[in-house]
There are 2 protein chains.
Amino acid sequence: MKLSVRGKYALRALTVLGESYGPEVVRIQAISEQQNIPKRFLEQILFDLKSAGIVESRRGVAGGYRLAAPPDKIPLAKVIRHLEGALAPVGCISERFYEKCSCPDELKCPLRSIMKEVRDAIANILEHSTVADLVARAVKLRNQPDLPLDYVI
Amino acid sequence: MKLSVRGKYALRALTVLGESYGPEVVRIQAISEQQNIPKRFLEQILFDLKSAGIVESRRGVAGGYRLAAPPDKIPLAKVIRHLEGALAPVGCISERFYEKCSCPDELKCPLRSIMKEVRDAIANILEHSTVADLVARAVKLRNQPDLPLDYVI
DNA sequence: ATAAACTCTATTGACTCTATCGTGTTTTAA
DNA sequence: TTAAAACACGATAGAGTCAATAGAGTTTAT
């Protein structure tokens, strides 16, 4: 579940869209500049998110992107699953992206058993975190002095 | 933190070594056959684990590998970190494998803040699980009827 | 001495990933 | 009505990673 650059860009873009959620649309270029993301690459990513029904767009001179649902209705797990595939660290656990393993007997594989716990821990956080949480954290961090993350609860 | 095939092979091999932990050494070929791992590839992996001080070897005709420490003293996190690098899903969190991110301000990055929670959840499990746990689970699963993992607590 | 087994480096082929490019199409402000 | 802005979509290049194999060397029990 190492997040690719693509995935990071997507989540950062969604945070921007979440912050200005409403009927209005945000230009790609605005996101690109604010978040330091290559514009052409971002186009690709947003288009991909659109095909997943996560964002919607308006074309033309006053065009741009906006969230397709309220920020608190978009779990990060949904975004990551669409962009990166399985949350599980090994394919033989994943329900949606199952991949057969080479081990002698999957049902008796101790590694699979432990990795399932890891998967559940990850999924538990990412299913319950939404774009709204990202926005909330962004606001909170913005209004705080520069504390390292360890002191932020 | 998607585990590579290499990482899976390593952990499965360590489970075998854990099961027959003692002064005696296990041949690569035995592990390779039992676990369905390409022998030449496994050689490479075990040699790598040796350089990390996780296993030790004996050369010659009666040679082979054994754990360099008792199974309960080898946390899975150590193995995975050596083989795959950071446990964290994004490099800008990792203490041991830190990588700079392109975001405008890392200290105010909400994504980083959430991913730190994911990292902690993963690390919490993998720091406290050891090769001994893998062995214990293997034994347990072996003595059980074929239940899907969901019913195993 | 010989064979079995580890040691170590190199390399190959497939694949993935980031990023850029080109060329459309749609929309709308002027 | 026209031109510019922005999305749509596919193609592709370049770099890197990864699994797997290969080859030649060293060690050691018998």
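A: This is a predicted model. Leaving aside its neighbours within four places in sequence, L126(B) is in contact with I114(A), M115(A) and V118(A) from chain A, and with M1(B), P75(B), L76(B), A77(B), I80(B) and L87(B) from chain B.

Q: Which residues touch the most other members of the largest nonpolar core?

A: L126(A) and L126(B) do, in a core of 94 residues. In soluble globular proteins, nonpolar side chains tend to be buried together.

Q: OK, on to the interface. How many residues of chain A and chain B are in contact?

A: 51 residues of chain A contact 51 residues of chain B.

Q: And what area do chain A and chain B bury between them?

A: About 4,600 Å², with 66% of it on carbon and sulfur atoms.

Q: How many salt bridges and polar contacts are there across the interface of chain A and chain B?

A: The rule finds 4 salt bridges. There are also 12 residue pairs in polar contact, both residues being at pLDDT 80 or more.

Q: Which residue does E99(B) form a salt bridge with?

A: K2(A), and the closest N and O atoms of that pair are 3.5 Å apart.

Q: Which helices supply the side of chain A that touches chain B?

A: α1 (5–19), α2 (28–35), α4 (76–84), α5 (110–128) and α6 (131–142) of chain A each supply at least two residues. α5(A) gives the most, with 13 residues.

Q: What kinds of residues are on that side of chain A?

A: The side of chain A that touches chain B has 29 nonpolar, 9 polar and 13 charged residues.

Terms used
Residues numbered from 1 in each chain as written. Chains lettered and ligands numbered in written order. Predicted model: local features only at pLDDT ≥ 70, side-chain atom pairs only at ≥ 80, totals over all residues. Heavy atoms only, no water. Contact = heavy atoms within 4.5 Å. Buried area = accessible area lost by both parts, 1.4 Å probe. Salt bridge = Lys/Arg side-chain N within 4 Å of Asp/Glu carboxyl O. Polar contact = N/O pair within 3.5 Å; in protein donor to acceptor, adjacent residues only side chain to side chain. Helix = DSSP H or I, 4+ residues; strand = E, 2+ residues; numbered from the N terminus. Nonpolar A, V, L, I, M, F, W, Y, C, P; charged D, E, K, R; others polar. Core = buried A, V, L, I, M, F, W, Y, C linked by side-chain atoms within 4.5 Å. Buried < 20%, exposed > 50% of the residue type's maximum accessible area, 1.4 Å probe, protein only.
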